Amino acid sequence: MTTTSAMTPRVSIILPCRNEVRYVAACLDSILAAAYPPDRLEVLVVDGMSSDGTRKLVAQYAATNPRVRLLENPGRIVPTALNIGIRAATGDVIIRMDAHVVYPPEYVPQLVTGLLESGADNVGGCIVTLPADGTAVAQAIAVALGHPFGVGNSHFRIGAKEARFVDTVPFGCYRRDVFARIGLFDEELVRNQDDEFNHRLVRHGGRVRLLPDVRCYYYARGSLAQLARMFYQYGAFKPLVARKVGRIMTVRQLVPAAFVTALGGAALAGLFWTPAALAGAAIAAAYASGVLACVLRVARSHGFRCAVALAAVFPVVHLSYGIGFLRGLRDGLFGRRGRWRDPAAVPLSR
C-alpha cells in the first residue's frame, strides 16, 4: 500500500506519552518513515504533562511536519490519552502506538491490509523486545520479556507461527466504528485497559486477530526497580479487569499469584508444621531449577553476565506481578484504593 488513492483508508495514529524524551524522537522518526501515503496519515501525540523536555521535542516535530499534532492529557494516564486521541482523530482506521517502540516502514501498511482483508475489528502484531542499554541487567530483562518462562504463552511477546484470533493484542489497529459501537477505553484501568476493551469488543461480536509477520521493536525497562514497578502495576490491575469482564481472561495471569501465595503460606505454616516448610522448600527448589535451566541455555547464546542477571530478572517479574495481583485482589474485595491507583504514581508508558 504505497500509492495515494481515495480508496486508501485515512489512518490516525495515537501516541500516548509522558516523560519519554529519550525514546520519542526515534519513535516519531520511525512512524513518519512509514510506507503509507503521507496525506492519509496523521500522528496525534497525546502528552501527559511531561516535565523532561518531551513536549518541547514533540512541538518541534509538529512545527515542521503537518502530520504531527500535539495534544494535552491532564489525566496523565494511558486510557485518558487514548480517549482524547480517539475524539480528535479524523481517520477511518485508528492505531494505538507506544513511545518506547520503533516501527518498521511496513508496519502501518501491514496492519491496515490485515485489518481490511481479515474482516477483524482489531489487529496487532508481535513485539520484539530490545534492551534499554548495553548493561547485563537490561539485556537480561529483554530476554525475559520474550521468553516463555518469563511471560508464559503470551503469543505477541514470544512469537506466533500463524495468524490467529486472540483475546487481545498490543498496540491495536482498530476500525473507527468500533468506538461508536462499544465506547471508549475504561479510564479506571491505569494498566491493562487493552485487555478490558478487547474483551468488550469480542463480547459485542467483534474479532481480534494477531498477525505474526507484523513486528515492532520495544525498548524494555533498564533496571530491576523499573521492571518490578511495571509488573507490580500489571498484576495489581488484573483483578479489576477480571471483575469488569466477569471472568479471569487467561490462566497464566493466576500463576504468579498462586506461586507467591504458596511460598508465603508454606513459610508461615512452616513455623508451626514441618511438612509445610518442606513443601515450601520443594516449591522454591522446583522454581530455582526452572530458572537455572533457562539461565544455562541463555549463557550459551547471550553470555555469562546476561545469564547471571537473568537469574534475578525472572523472580522480579514473577514475584512483582504476583504480589501486585494479590494487592489488587485485596483492594477489590475490600474496596480500598491504594496510592498505586493515583495517576501521579503510575508512569504513562507501557
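## Lining of the largest pocket

In this predicted model, six helices each supply at least two residues of the lining of the largest pocket: α6 (148–151), α7 (155–158), α9 (193–203), α10 (224–245), α11 (255–269) and α13 (304–334). The largest share comes from α6, which gives four residues to the lining.

The volume of this largest pocket is about 910 Å³. It is lined by 39 residues, and V151, S154, K238, R252 and Y321 are the closest to its centre. If you sort the lining by class, you will find 19 nonpolar residues, 11 polar ones and nine charged ones.

## Helices α11 and α12

One of the helices that line the largest pocket, α11, also meets helix α12, which covers residues 274–302. The axes of α11 and α12 come within 7 Å and cross at roughly 145°. This crossing is left-handed.

Which residues of α11 and α12 make the contact? On the α11 side they are F259, A262, L263, A266 and A269. On the α12 side you can pick out A276, A277, G280, I283, A284 and Y287. By class, the contact of α11 with α12 has 10 nonpolar residues and one polar residue, with no charged residues. G280 of α12 is among the contact residues, and glycine counts as polar in this scheme.

Helix α5, residues 136–144, is mostly covered, with seven of its nine residues buried. Those buried residues are A136, A138, A140, I141, A142, V143 and A144.

The loop between β6 (122–130) and α5 holds G134. Is G134 buried or exposed? G134 counts as exposed because its relative accessibility is 61%, and the cut-off for exposed is over 50%. For a sense of distance, take G134 together with R209: they are 75 residues apart in sequence, and their C-alpha atoms are 34 Å apart in space.

## Two positive phi values

R76 is not a glycine, yet has a positive phi of about 70°. You will find R76 in the loop between β3 (68–72) and α3 (78–88). R76 has a relative accessible area of 26%, so it is partly exposed.

F171, also a residue other than glycine, has a positive phi near 55°. The loop that holds F171 runs between β7 (164–165) and β8 (173–175). Buried or exposed, what is the state of F171? F171 is buried, because its relative accessible area is 0% and buried means under 20%.

What is R69 in contact with, leaving aside its neighbours within four places in sequence? Its contacts are E42, V43, L44, V45 and A88. For one of these contacts, E42, there is also a separation to note: R69 and E42 are 27 residues apart along the chain, while their C-alpha atoms are separated by 7.8 Å.

Note on methods:
Residues are numbered from 1 along each chain as its sequence is written. This is a predicted model: local features need pLDDT of at least 70, side-chain atom pairs count only at pLDDT 80 or more; totals for chains, interfaces and linings use all residues. Side-chain values use heavy atoms; hydrogens and water are left out. On a 1 Å grid over the protein atoms alone, a cavity is a set of points where a 1.4 Å probe fits but cannot get out, and a pocket is an open set with protein on both sides within 12 Å along at least five of seven lines; lining residues have an atom within 4 Å of a point. Grid points are joined across faces, edges and corners, and a volume is the space filled by probe spheres set on the points. Axes are lines fitted to C-alpha atoms, for helices over the stretch in contact, and angles run from 0 to 180 degrees between N-to-C directions. A crossing is left-handed if the near helix is turned anticlockwise from the far one by less than a right angle, and right-handed if clockwise. Contact means heavy atoms within 4.5 Å. Buried means under 20% relative accessible area, exposed over 50%, partly exposed in between (1.4 Å probe, protein chains only).
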